Amino acid sequence: MKINEIFYSLQGEGLTMGIPTAFIRLTGCNLRCEWCDTLFAYDEGKEMSIEEVIAAIGEMETNQICITGGEPLAQAEALDLIEELLEMNYLIVLETNGSLNLELLPCSDNFMISMDIKCPSSGMAENMVLDNLELLGPNDQLKFIISDDIDYQYAKSIMASYEPACNIVMTPVGGSCLKTLAEWVLRDGLAVRVLPQLHKLIWGNERCR
Ligand code: SF4
């Protein structure tokens, strides 16, 4: 499989925010979001075997793994990597962009699907596979990256239509409208978590953080 980078940092997003984590970033993405901050993951990387990937993360002081991209499920071998890591009792968060079918993913208490819903400001909302929402359970999370009120209203409409059974996170694009987003959520009494991107608060746009 083609790996963009493997690094050790704090989880910057979602329910596992702040936990020291080994990140495995796979190369390639099938989307092109307007505000994408990982352009370098589209093509850059090197071929590594699953054994080489596992050896690299084995040197890191954590049992928490984040498999991310790009879009990690764009490479079929991602499923094999997940299975191998689960057999080793790692706790895995899979970050996926919501545009690919998630039916083949494993069910395990040690495995969290972290699925994005790309809102209108991304330019990619038409690519979402919304049937995936029925596959998400209490161990999973759904992330809306919010840029403006149009995105926020879109997120509310998805929540009302599908009533997801998973945890729901709203995060502002680049942290720019965190206070506004917080006020909207409080005004509407939504059952969501409003979270920043921790790594950007700490390290800005520094690479491998
Ligand atoms: S899905 Fe993620 S990696 Fe792909 S274009 Fe969108 S933000 Fe970038």
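Begin by colouring the strands: nine of them form an open sheet with mixed pairing, in the order β3-β1-β2-β4-β5-β6-β7-β8-β9. Two strands pair if DSSP finds at least two bridges between them. At the edges stand β3 (46–47) and β9 (193–194), each with a single partner strand, so one side of each has no neighbour in the sheet. Helices (H or I, at least four residues) and strands (E, at least two) are DSSP runs, numbered from the N terminus.

The model is predicted: local features need pLDDT of at least 70 and side-chain atom pairs count only at pLDDT 80 or more, whereas totals for chains, interfaces and linings use all residues. Residues are numbered from 1 along each chain as its sequence is written.

**The whole chain**

From the N terminus, the elements follow the pattern β-β-β-α-β-α-β-β-β-α-β-α-β-α. The radius of gyration is 16 Å, close to the 17 Å that the globule rule gives for 209 residues, so the chain is as compact as a globular protein of that length. This radius is taken over C-alpha atoms, and the rule is 2.2 Å times the number of residues to the power 0.38. Along the principal axes, the C-alpha atoms fill a box of roughly 50 × 35 × 30 Å.

**Strand β2 and F23**

Select residues 20–26, which are strand β2; four bridges join β2 to β4, and the two run parallel. Is F23 buried or exposed? F23 is buried, because 24 other C-beta atoms lie within 10 Å. The cut-offs are 20 or more such atoms within 10 Å for buried, 12 or fewer for exposed, and partly exposed in between, with C-beta atoms placed from the backbone. Leaving aside residues up to four places away in sequence, F23 touches I6, F7, S9, C66 and T68. Contact requires C-beta atoms, placed from the backbone, within 7 Å.

**Helix α3 across the sheet**

Move to α3 (149–162). This helix lies across β6 (111–117), β7 (141–146) and β8, and runs at about 155° to β7. Axes are lines fitted to C-alpha atoms, for helices over the stretch in contact, and angles run from 0 to 180 degrees between N-to-C directions.

**Two positive phi angles**

In the loop between α3 and β8 (167–172), select E163. Its phi is near 45°, a positive value in a residue other than glycine. E163 is exposed, with 8 other C-beta atoms within 10 Å. Now select N89, in the loop between α2 and β5 (91–96). The phi of N89 is near 65°, again positive in a residue other than glycine. N89 is exposed, with 8 other C-beta atoms within 10 Å.

**The ligand and the cis peptide**

Finally, select the ligand: which residues surround it? They are C29, L31, R32, C33, C36, T38, A41, G69, G70, E71 and N97, where near means a C-beta atom, placed from the backbone, within 6 Å. Zoom in on G69 and G70, which are joined by a cis peptide bond with omega of about 15°. G70 is placed in the loop between β4 (64–68) and α2 (77–87).

Definitions and conventions:
Two residues are in contact if their C-beta atoms, placed from the backbone, lie within 7 Å.
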